[in-house]
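Subject: Structure handover

Hi,

Here is the structure I promised to pass on. Please open it first, then read my notes below.

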Amino acid sequence: MEEANLGYQPSYGADSITADACESFRQFFETDCEVFFVFNGTSANSLSLASLCQSYHSVICSDVSHVETDECGAPEFFSNGSKLLLAKTSLGKLDPIDVERLITHRTDLHYPRPRALSLSQSTELGTTYQPGEITALCQIAKKHGLHVHMDGARFFNALAALGTTPAELTWKAGVDVLCCGGTKLGMAVTEAVVFFNHDLARDFEYRCKQAGQLCSKMRFISAQWLRILKDETWKKHAASANQLARQLAEGLTQLPGVEILYPVDANAVFAQLPETMKSGLKERGWVFYNFIGGGSRLMCSWATTAADVEAFLADARESH
Ligand SMILES: *Cc1c(COP(=O)(O)O)cnc(C)c1O
């Protein structure tokens, strides 16, 4: 960002740093994708879903998805009313049978026509979809003429955990648009909307501008992407967070009365903690709360250290 601050650059994304950052995305995904930068995940999800749907369409998503539970109705607002239809999930992942049931159980004019499938990678419960699971969901979607949206606020954590290529986890599996999270990877105010399907990206820059998501000094956003994609910096950040989450879960499992609720596939640990432990940890300054999915949600980030995890576990043991 300091380097991007030196000298003159054109505004609104017409600068050379933005061009380089978009090119880095194309190399990263090994395809000619279209890339847009916005300020946060809510706008990335809402604006991209709006570009997949008309107002009379519907979006199939998980009942615990961020678009349903944590975006204050923004997907419906920006799409002028596309309805979210909630599918059953298992461990935060969409159940393919229920997805197909939702798509096919009504075909009449009186029901909002399913037009998009939205899945989160990694999921809101800290689990990840295997590439084959994504392919299977995309095949159901495509069979019925639906586009596929991936909420990748924690995409890099999933990618680091699965060890597949970015392409295999997205367009090769059938994903049309990916909202790629920057903030949770350690960047300041940025998420990338990556369209693998060019037709769906048409006029997307107008949506961004109208929604107040077009950054005039875009080079400060682009500079961050350029560096995080280079030299696998993203992987260092994401893999470290994942590794520490596993250590945290392993440490907590040793303590009586603690139950780990979901597989720790990425950087989130959901744990049922005894009440005394919860209050003891909070008295010692730890900040956490019960989240969707139940239990205490403990996140390891790009900035978490092994010492942080040790300190948390020591305090947990003491407050037992
Ligand atoms: C954090 C998060 C987002 C983005 O939220 P913003 O606060 O709008 O940036 C989107 N989806 C998921 C699954 C998230 O965890």
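Does E318 count as buried or exposed? E318 counts as exposed, at 56% relative accessibility. The cut-off for exposed is over 50%, so E318 passes it. Keep in mind that this is a predicted model.

**Salt bridges**

R284 has another partner. The side chains of D315 and R284 also meet in a salt bridge, with 4.0 Å from N to O. This pair, too, links distant parts of the chain, here 31 residues apart. D315 belongs to helix α12 (residues 306-318), while the loop that holds R284 runs between α11 (275-283) and β12.

Now look at how open each residue is. D315 is buried, with a relative accessible area of 17%. R284 counts as partly exposed, at 36% relative accessibility. Put together, R284, D315 and E318 form a linked network of salt bridges.

How many salt bridges does a search of the whole structure find? It finds 11. One of them joins E3 to R227, where the closest N and O atoms are 2.9 Å apart. E3 lies in the segment before α1 (16-29), and R227 lies in helix α9 (residues 219-229), so this pair ties together parts that are 224 residues apart in sequence. E3 is exposed, with a relative accessible area of 54%. R227 counts as partly exposed, at 46% relative accessibility.

**A sheet and its helix**

Next, turn to the strands. There is an open sheet of 3 strands, in the order β10-β11-β12. The pairing is antiparallel. Which strands are at the edges? They are β10 (259-260) and β12 (296-299), and each pairs on one side only.

Strand β11 (residues 268-272) is joined to β12 by 4 bridges, and these two strands run antiparallel.

Helix α10 (residues 233-253) touches β10, β11 and β12. Its direction makes about 15° with that of β11.

As background, strands of a sheet pair through backbone hydrogen bonds, either parallel or antiparallel.

Best wishes

Technical notes:
Residues are numbered from 1 along each chain as its sequence is written. This is a predicted model: local features need pLDDT of at least 70, side-chain atom pairs count only at pLDDT 80 or more; totals for chains, interfaces and linings use all residues. Side-chain values use heavy atoms; hydrogens and water are left out. Two strands pair if DSSP finds at least two bridges between them. Contact means heavy atoms within 4.5 Å. Axes are lines fitted to C-alpha atoms, for helices over the stretch in contact, and angles run from 0 to 180 degrees between N-to-C directions. Buried means under 20% relative accessible area, exposed over 50%, partly exposed in between (1.4 Å probe, protein chains only).
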